[in-house]
Amino acid sequence: MSRLAELLPALLIAAPILLATVPIALGLRFDRTGWSVAAITTTALFAATAYLAAAVYETGRVVHVLGGWGEPQGIGIELVADEFSVLIALLVTVTAAAVLAYTRTGGPRGNTFYTGYLLLVGGLLGLSMTGDVFNMFVFLEIVGLATYAMIASGDGPESAVAALKYLILGTLGASMYLIGVGFLFMATGALNMEVLGEVIPQIADNGGSDLTLLRAAFAFIFVGFALKVAQWPLHSWQPDAYQHAPDGVTPMIAALVSTVSAYALGRIMYNVFGPEFLTATPYLTEIVVTVGAVSVLAGSTLAVIQRDVKRMFAYSSVSQFGLIVVAYGLVTQTAFVGAVIHLIGHGVIKAGLFIGAGVVAVGYGARTVDEYAGLASNRPFAAGSIALLLIALIGIPPSAGFIGKWYIAVGAVEAELWPIALVIFLSTMLTLAYSARLLEKMYFTPATGVDSPHPAGVATDGGRAGAVSIGMLGILIATAIVAIGLGFTGGAFFEWLEPFTSEVFN
């Protein structure tokens, strides 16, 4: 393994956080330099993450120990790039670079915005690769602070209120997680994930008061992440945040913030507590599966009755993340791989759908379902891309949505939890219901002056009026193609994750 590969986990986190100061510093003398700094940084981060992924594929996981603290003490600070974490890091860097193609023209603009953008990217990469449960809290806070600021950067008081709501609930979720970490430390004397993964089975076998502390720790950590991942009924921050954040911000936070938090929950459940603890603790897996299943059905039902497109997609995320929580609770290898595929696929799909919503809002003046009437006639490429993304969201094969749901359903059958297969079917039907409303408006409802506003000078798909750039439209089309193409990669995901899942489940 090269020395560069060993340093990359630390560099990937430190570089965007340090470079976040550059747009503000340059802004003292130059206007609008932030986009260029962010574009160069995120492109370099993607290249470095791809190199790190290649190193992980060739040599196995890459571990960087900070400050010379070794892991035997259980408090050594490590950064870990393995088959699981590097997939999430790739999603973060690709999405961060891609969304910039929208913000170049669609905004928000300003050097301070791109400072927050790079800080968010650094926090997400830290959350993806930390090997320490306390530093996971630190990166959760960095991600939260950057997200609050970016949501509040929208025009109008609604954005400020949505950011404040997220601030309160996000802080509560992080505090619950930190209390759980405190109980973990009291029971084990360790914070390092690898050490915890070795110590917890021993405590579980011996029982006693330390086992009670471990169960309390899991309860607090799970509730904290349920808030971060927006599980019903702890989801109330998400629809407001997604709806009122600027159109250039929503794709980033919808694709990554809850996605990386869901990844972190899976990391804690399987690397720290382990499948044996999960299945041996009375009612634990049943509670996790129930929370996820209720979120699946509640989120889908609430999405059906929404009129605002961004709010509809937000409730859809509540449902889709519920499916991932269900998969974690099934504790089978097939369901876990399905959860990872669904994490990646959902991140791509939601990035595309919110980019599409932004393109339509900027170039067509439409924000509600009724205002999408006639969109296919006026903006065929935008409408076609949104249609493909909706097909992927429903889970129609071949698409990313289908392959993830399929593996989770197979995992439910393996775990002999047949009702979960029914929950997946019902959620698919509900997803079809709200997606069909939008498709019907775009393709089969003529535009009228009441239903669909057409501001003077609005650009067509050719972008002649300049409202929608070629870059904005291009990234939307590319995202739609990727969302469909990921449906052919189920076997590749199984092969890629096999070293990780073999270690966890065997």
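The model is predicted. Its mean pLDDT is 85, and 93% of the residues reach 70 or more. The helix pairs are α3 with α4, α9 with α11, and α14 with α20.

**Confidence**
- Residues 450-466 have pLDDT below 50.
- In the model, this stretch still has 37 contacts beyond near neighbours in sequence.
- Where pLDDT is low, the predicted coordinates should not be read in detail.

**α3 and α4**
- Helix α3 spans residues 34-59 and helix α4 spans residues 83-106.
- Their axes come within 9 Å and cross at roughly 155°.
- An angle over 145 degrees counts as roughly antiparallel, so α3 and α4 are roughly antiparallel to each other.
- The crossing is left-handed.
- On the α3 side, the contact residues include Trp35, Leu45, Phe46 and Val56.
- On the α4 side, they include Glu83, Val86, Leu100 and Arg104.
- By class, the contact of α3 with α4 has 16 nonpolar, four polar and two charged residues.

**α9 and α11**
- Helix α9 (residues 209-228) packs with helix α11 (residues 250-280) at about 160°.
- The axes of α9 and α11 are 10 Å apart.
- This pair is therefore roughly antiparallel, and its crossing is left-handed.
- From α9, the contact takes in Arg215, Phe218, Phe222, Phe225 and Lys228, among others.
- From α11, the partners include Ser258, Ser261, Met269, Phe273 and Phe277.
- The contact of α9 with α11 divides into 14 nonpolar, two polar and two charged residues.

**α14 and α20**
- Helix α14 (residues 333-364) meets helix α20 (residues 490-505) at an angle of about 125°.
- The axes of α14 and α20 are 10 Å apart.
- The two helices are therefore oblique to each other.
- The crossing of α14 and α20 is right-handed.
- α14 contributes Gln333, Thr334, Phe336, Val337, Val340, Ile341 and Ile344.
- α20 contributes Gly490, Phe493, Phe494, Leu497, Phe500, Thr501 and Phe505.
- Ten residues of the contact of α14 with α20 are nonpolar, four are polar and none is charged.

**Aromatic pairs**
- The structure holds 25 aromatic pairs.
- One of them joins Phe402 and Trp406, which are stacked.
- The ring centres of Phe402 and Trp406 lie 6.1 Å apart, with 25° between the planes.
- Both residues belong to helix α17 (residues 400-414).
- Phe402 and Trp406 are four residues apart, about one turn of the helix.

Key: Residues are numbered from 1 along each chain as its sequence is written. This is a predicted model: local features need pLDDT of at least 70, side-chain atom pairs count only at pLDDT 80 or more; totals for chains, interfaces and linings use all residues. Side-chain values use heavy atoms; hydrogens and water are left out. pLDDT is the predictor's confidence in each residue, from 0 to 100. Contact means heavy atoms within 4.5 Å. Axes are lines fitted to C-alpha atoms, for helices over the stretch in contact, and angles run from 0 to 180 degrees between N-to-C directions. Angles under 35 degrees count as roughly parallel, over 145 as roughly antiparallel, 65 to 115 as roughly perpendicular and the rest as oblique. A crossing is left-handed if the near helix is turned anticlockwise from the far one by less than a right angle, and right-handed if clockwise. Ala, Val, Leu, Ile, Met, Phe, Trp, Tyr, Cys and Pro count as nonpolar, Asp, Glu, Lys and Arg as charged, and the others, Gly among them, as polar. Rings of Phe, Tyr and Trp (its six-membered ring) pair if their centres lie within 6.5 Å; planes under 30 degrees apart count as stacked, over 60 as edge-to-face and the rest as tilted.
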